[in-house]
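Let's take a walk through this one together.

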Amino acid sequence: MITLRLAYRNLVGAGLRTWLNVGVLSFTYVLIIWHQGLFSGMYRQASREFIKDEIAGGQYWFENYDPYDPLSLEESHGTIPPQLESAIQNKSAAPILIRQGTIYPEGRVQSVLIKGIDPDQTILDIPTGKLSADETALPVLVGRLMAKKNSLHIGDYLTIRWRDANGTFDAADGEIVEIMNTNVPTIDMGQLWVPLKSLQAMSGLENEATIIVVEQDMKQHADLPGWKFKGHDFLLKDITDVVKSKRVGGAILYIILLFLAMLALFDTQVLSIFRRRKEIGTLMALGMVRSKVVALFTLEGALHGILGIAIAAIYGIPVLIFTANKGIPMPSTVEEYGFALTTRLFPFYSAWLVGGTVLIIMLTVTIVSYLPSRKISSAKPTEALKGKLS
Amino acid sequence: MENGTIIEIQNLVKKYPIGGRQFTALNDINLVFKTGEFTGMVGPSGSGKTTLLNIIGSLDAPSEGKATVLGLSIGDLSHRNAARLRSEHFGFIFQTYNLLPVYTVFENVEFPLLLLKMPAAERRKAVLDALEWVGLSDKVESKPAQLSGGECQRVAIARAMVKKPEIVLADEPTANLDAKNSHNILQTMEKLNGELETTFIFATHDEKVIQYLRRKVSLEDGRVARDEHIKRTD
C-alpha cells in the first residue's frame, strides 16, 4: 500500500512528464480499440448482410456445385430433394437454379450467371417479388453495381443468351424490373435474377436447382442424397479470411502504436531512474529494501497505464459510442472491394476487445517499466547516494 | 558488548577496487561508541570519514574486521536485514539534504514512519512533534523547492529524528549552510541529543561542527590518528 501511495505521489509530482505519457497511452488505448473495433464491425456487418441477402440459415449445394469452377457449373443441378419439398412449400427453403449466360450491354459481350429464384420467397432479403410482374419479356432483377457497370436502368431491355440442358443455345429478351440495393457483391456483380420457373423452363431443367437456401430457424441440416449442407462456418469463411487478412494489416498499426507508446514510457523510465539516482539511494538509506524500490519504480510506470485508462475513458468512451452509433462514412470506392460494406461502417467494440486491449497494454506497460527498474536491484546504496548506478 | 556500548568496531579494514588494484579506505579501525554520544569523525577529504559512517549505517560492509551495531554484525547482514536495521534504528542526515522533491515537508518527515507501518494518527502526531523540534511547524505543506538550505536541513533532521532512532549519522550536515544556519542546526541536534539520548555521529571537517562535539575521532589516511573526549565549558 505504501508503495502504491508513494508511486502515485511521485507520478503526480512529476507533472507534465506524467501527463504527456498518460496522454500518449490514452491515445493508444482509444486508437487501438477504435481500429480493432472497425474490423469487428466490418466482420459483423458483412456477415449480417451476407446472411440476410445470400445465405440465410445455410445452403444445400448440389454435390457437383463449385461456385469457383465455371466449367462444372453447367452440370451442377439436380432434382429438388423430396425431403425439402414441404419446406419449400412452407417458404422455409428456397431453391435457386444457376446457369451461365451472356448479355450484350451497349454492344459488349458480358458473361453472367443467371439465377432462378421463386419470386414469392421470403428467406432472402432481396426484392424477388418484383419478378412476379406480368411482363411480356423475361423479368430480370439486377444489383446496384451490376446496373451501374452495364448502364442498366429499370425498364431497359437486354438480350440474354443461354444454353439449355442439351447444350443448345437459345436467347430471349429480358426487362429490368428492379435494381436492388444490396451490399453483397456476390449476389450483385455479373448476375441476373429471374423467376425460377422461367429459368427451369428455359433450360429444360424442370424441378431442378443448384442450391437450396434454408431459413435461419431451420434446425435440421443433415446432408441429403446428392446434396450437401453448407453452414455459416463454411459459407462465411471467405469473409472471415478477408477480415483476418485485413486484421494482419491492422496489427501493424497496433504494433506501431504500442511500440511508440512504450518507447515514450521506456524513455521516461530510464530518464526518471537516471535523474533520481540520489533519491533511490535516499530511499535505501531510509530503510526501503531494494525490491520495494524496484516495485516503486515499476508501479510508477504501470500507473501511467492506469491513468491512461482513466483519461482514455473520459474522451474515448464518448468517441467510441458516437462512432458505434452513427457509423463512419465510407468512400464510394468500397463498393469495389468485393466485400459487403455499406456506405457507413459501424465499429463494434466487444467487452473482449476492450478488456483484451487494456490487458495487453497494461502488461506491456508494466514490463517496459520493470526493465529499466531492474538496474536498481543491483545498486549499492552508497553509490546511489553519490548519484551513481552501476 | 559492554554496558552502554552501541557500536563496536574491531580491526576494521575497507578496501575498494580502483583502476584494477585495491585502495584501502580504512585500515585497522578500532572504536567503541556509547549511547548518547555526540561524536565527530574529523579529517580531510579522503581520510575515510564517510566510508566509516556508511559502514556503521549498514550502507556498506567491511572488507575485513568487524563492525557491530546494536549487537548486529554489519558484515553478516543480508540486504533486507540491513534495510530493516536502518529503518528501525538509524536516522541519516546528508550534506545535500536528500529530501524527496515531490513530497511536502510533512510527507518527507512522515516517510520513515510509513516504512515502519506506524498507524496514521500516531504518525501524524510524531511528524508534527518532529517539525516542532526543528521549528518548522509553519512549513508543513511546503515543498523542498520552496525552502531555504537551512530549512531543508532542518527538515532532514526532523526526518532523521521522527522515529526517535538510537543513532543519527550526519555526513557533513553543515557543508551547504552559512554560519548562522549551521549553528541553528547544530543547536537543534545538540538539544535532541540531550532530550532523547540519541547517539549522534558526524563526519565533518567543519570547525563550526567540531566546536559542538564532545568526542572527536581524527582520521588520517584511513586510520584513527586521535580519539579525544572534549570537555564543553558552556
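Predicted model: local features only at pLDDT ≥ 70, side-chain atom pairs only at ≥ 80, totals over all residues.

As α2(A) passes α11(A), the crossing is right-handed.

Which residues make that contact? From α2(A) come T28(A), Y29(A), I32(A), I33(A), Q36(A), G37(A) and S40(A). From α11(A) come L353(A), V354(A), T357(A), V358(A) and I361(A). Sorted by class, the residues of this contact are 7 nonpolar and 5 polar, with no charged ones.

Now follow α2(A) itself, which covers residues 16-55. Just after α2(A), take a look at A56(A), which has a positive phi of about 45°.

Next, hop over to chain B for another pair of helices. Here α5(B) (residues 149-161) and α6(B) pack with their axes 10 Å apart, at an angle of about 15°. Angles under 35 degrees count as roughly parallel, so that is how α5(B) and α6(B) are described. Their crossing is right-handed.

On the α5(B) side, the contact uses G149(B), G150(B), Q153(B), R154(B), I157(B) and M161(B). Facing them from α6(B) are N181(B), N184(B), I185(B), T188(B), M189(B) and L192(B). The residues of this contact divide into 5 nonpolar, 6 polar and 1 charged.

How do the two chains meet? The contact between them takes 17 residues from chain A and 18 residues from chain B. On the chain A side, α1 (2-13), α9 (277-285) and α12 (381-385) each supply at least two residues. The largest share, 5 residues, comes from α9(A). By class, the side of chain A that touches chain B has 8 nonpolar, 5 polar and 4 charged residues.

Finally, a word on confidence. The model scores ipTM 0.91 and pTM 0.71. Chain B averages a pLDDT of 91, and 98% of its residues score at least 70. Within chain B, confidence is lowest in α6(B) (residues 179-196), at a mean of 87, and highest in strand β5(B) (residues 72-73), at 96.

Terms used:
Residues numbered from 1 in each chain as written. Chains lettered and ligands numbered in written order. Helix = DSSP H or I, 4+ residues; strand = E, 2+ residues; numbered from the N terminus. Expected span 1.5 Å × (residues − 1). Left-handed = near helix turned anticlockwise from the far one by under 90°. Contact = placed C-beta atoms within 7 Å. Nonpolar A, V, L, I, M, F, W, Y, C, P; charged D, E, K, R; others polar. pLDDT = per-residue confidence, 0-100. Axes fitted to C-alpha atoms, helices over the stretch in contact; angles between N-to-C directions. Parallel < 35°, antiparallel > 145°, perpendicular 65-115°, else oblique.
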